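Here is a short briefing on one chain.

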Amino acid sequence: MSIKIVSTSPYDDQKMGTAGLRKKSKVVMQPNYVENFVQSIFNTIGDARGKVYVLGGDGRFYNDIAIQKIIKIAAANGVAKLIIGRNGFVSTPAASHIILMNKLDGGFVLSASHNPGGIDGDFGIKYANQSGGQAPSQVSDKIYQNSKTIREYKIFDSEDIDLSGLGTQKLGDMIIEIIDPVKDYAAMMEQIFDFDALRKLFAGGFTMKFDAMNAVTGPYAVKIFEEMLGAAPGSVINATPLPDFGGLHPDPNLVHAKELISILYGENAPDFGAANDGDGDRNMILGRKFFVSPSDSLAIITDNYALIPAYKDGIYGVARSAATSTAVCRVAQARDLPCYEVPTGWKYFVNLMDSNRITFCGEESFGTGSSHIREKDGIWAVLFWLSIIAATGKSVEEITVEHWRKYGRTYYIRNDYEGVPTDIADKLMADLEAKLPSLVGQSFGEYTVTAAAPFVYNDPVDHSSTANGLIIKFANEARIIYRLSGTGSSGATIRVYNEQYSKDNISGDSLEVLKKLSALAADIAEISLRTGKTQADVTT
Ligand code: VG1
Ligand code: CO
């Protein structure tokens, strides 16, 4: 066994997006693609000697190949130790927890999250630093610069490592510890929530279905909901992680979690339904024939913090991405808590959590979490909802409707226009940005523009400034936000977020209430003219 130095040629597309590097599997399978990227990370952070990282993925196609490459490159670069989930599995939230609990230098999660997997699907690598969160843009930009000039990488010349058995082994001087990726995570959840109360809930006949979508959270969910809390066997469906997610698109929303939706909207539906995405950081919450929008979920979680043992003594504050509805800020205002608005991407919450400015945060894209870790956390959100139900004895629908009665309702939908040629999408955004100032003061039917500007975030901790998306605000408390996705692997996706607040009308249908605003949003940006699309590809 020896260290080889291999000559390579740079790729020009290894720029991380909203959450790590995300590409078509076939792109990542090109010669030296993973090697170049990982070596560029080590070149950027400098001396890797003595460093310890967590490593694992969501089990998707190419997880097993990429992980062996990373192990060998880490060993050749002098990494002291890798902590790896058995069989190469670890969820994004569990990886964040492992970094924080063991005070590691960071980690690698092999996942394209909610994007489909398989040879024709997507692959990705999320890189976290010692904060437990994904590296900030300042770091990922340097990695990208280094990836464009890389000429060689170091790799250990050895057989593949067996990742199936727990325990410690060595590759050269590097220690490899294979751990059960579920155990410590489950123990952390038990610290946060009142598991006795949840056991009583299930013992009393409460029923749930959790859809793991054949992705990484299956083993976590079976352990926590069925084994620890006593949910009936079979409460977790699609529980075995599969390389192609069984053909599913592991995005927990009304469009892609079809099986779960049909169960919760069918005869004899269980009391509660939930789903997670590929790497376990997203969640969808359902009641019987009832859907909770992620933005509302964040607001309801915030309003109920005192019911949870870990938060009962108080929370620092909350944050949401700018595209997320303003519902949580109404709760924050009523409770005299700060409410921050950040760009899309969980990494922007990290400084706020580290500086004790916030405890809870969330995104409209089915992401909710707290400062227990530095990633969004799908199972945490599900346990939070179960805890509210256990403490109040109310159904998901009752909890949500009561929330609307108290605070009003923020109707919200997101329209995604997918597969738009990049040049057309870029020009659409640039032209829209240029005309924003002229919109202020204009009225479109009942909608009068009060403000129209790019969203710019100034981080109060590291003082970096990030522009992300364009926001139009109206006098009647409606908002439209436009931005381009940073997680796609081909073409551009234009996301248009529509929101309308109503104090009194709480029983409407979101699509109906937002119909005019959605049409106006498409008109203002000339979406159909420029893209040829008369309607969104996906509405969530
Ligand atoms: C999307 C979501 C964003 C989320 C990101 C990563 O990004 O909109 O809220 O943080 O995915 O989530 P974008 O740039 O495509 O809008 V995950 O679960 O894919 O790590
Ligand atoms: Co995810």
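Of the 540 residues in the chain, 59% are buried (buried: under 20% relative accessible area; exposed: over 50%; partly exposed: in between; 1.4 Å probe, protein chains only). This is a predicted model, in which local features need pLDDT of at least 70 and side-chain atom pairs count only at pLDDT 80 or more, while totals for chains, interfaces and linings use all residues. Residues are numbered from 1 along each chain as its sequence is written, chains are lettered from A and ligands numbered from 1 in the order in which they are written, and side-chain values use heavy atoms, with hydrogens and water left out.

**Overall form**

- The C-alpha trace spans about 70 × 60 × 40 Å along its principal axes.
- The chain holds 18 helices and 25 strands (DSSP runs numbered from the N terminus: helices are H or I, at least four residues; strands are E, at least two).
- Take the contacts between residues at least 6 apart in sequence: 72% of them join residues at least 24 apart (contact: heavy atoms within 4.5 Å).

**Surface and charge**

- The accessible surface comes to about 20,200 Å², and carbon and sulfur atoms account for 49% of it (Shrake-Rupley method, 1.4 Å probe; for residues, only the protein chains shown count as cover).
- There are 53 positive and 63 negative side chains (Lys and Arg count as positive, Asp and Glu as negative; His and the chain ends are not counted).
- The centres of the two charge sets lie 2 Å apart, with each charge placed at NZ of Lys, CZ of Arg, CG of Asp or CD of Glu.

**Helix α11**

- Helix α11 (residues 327-334) is largely enclosed by the rest of the structure, because six of its eight residues are buried.
- Those buried residues are Ala-327, Val-328, Cys-329, Arg-330, Val-331 and Ala-332.
- They pack against α10 (294-303), β15, β16, α14 (396-407), β19 (409-420) and β24 (492-502).
- Just after α11, Asp-336 has a positive phi of about 60 degrees.

**Salt bridges around Glu-341**

- The chain has 32 salt bridges (a side-chain nitrogen of Lys or Arg within 4 Å of a carboxyl oxygen of Asp or Glu).
- Glu-341 and Arg-320 form one of them, at 3.1 Å from N to O.
- Glu-341 sits in strand β16 (residues 339-342) and Arg-320 in strand β15 (residues 318-321), so this bridge ties together parts 21 residues apart in sequence.
- Glu-341 is partly exposed at 26% relative accessibility, whereas Arg-320 is buried at 5%.
- Arg-479 also bridges to Glu-341, with the closest N and O atoms 3.4 Å apart.
- Arg-479 is buried, with a relative accessible area of 5%.

**Salt bridges around Asp-279**

- Asp-279 pairs with Lys-126, and their closest N and O atoms are 2.6 Å apart.
- Asp-279 lies in the loop between β12 (272-276) and β13 (283-287), and Lys-126 in strand β6 (residues 122-128), 153 residues apart.
- Both ends are buried: Asp-279 has 0% relative accessibility, and Lys-126 has 3%.
- Lys-126, Asp-279, Asp-281 and Lys-376 belong to one network, joined by salt bridges that share partners.
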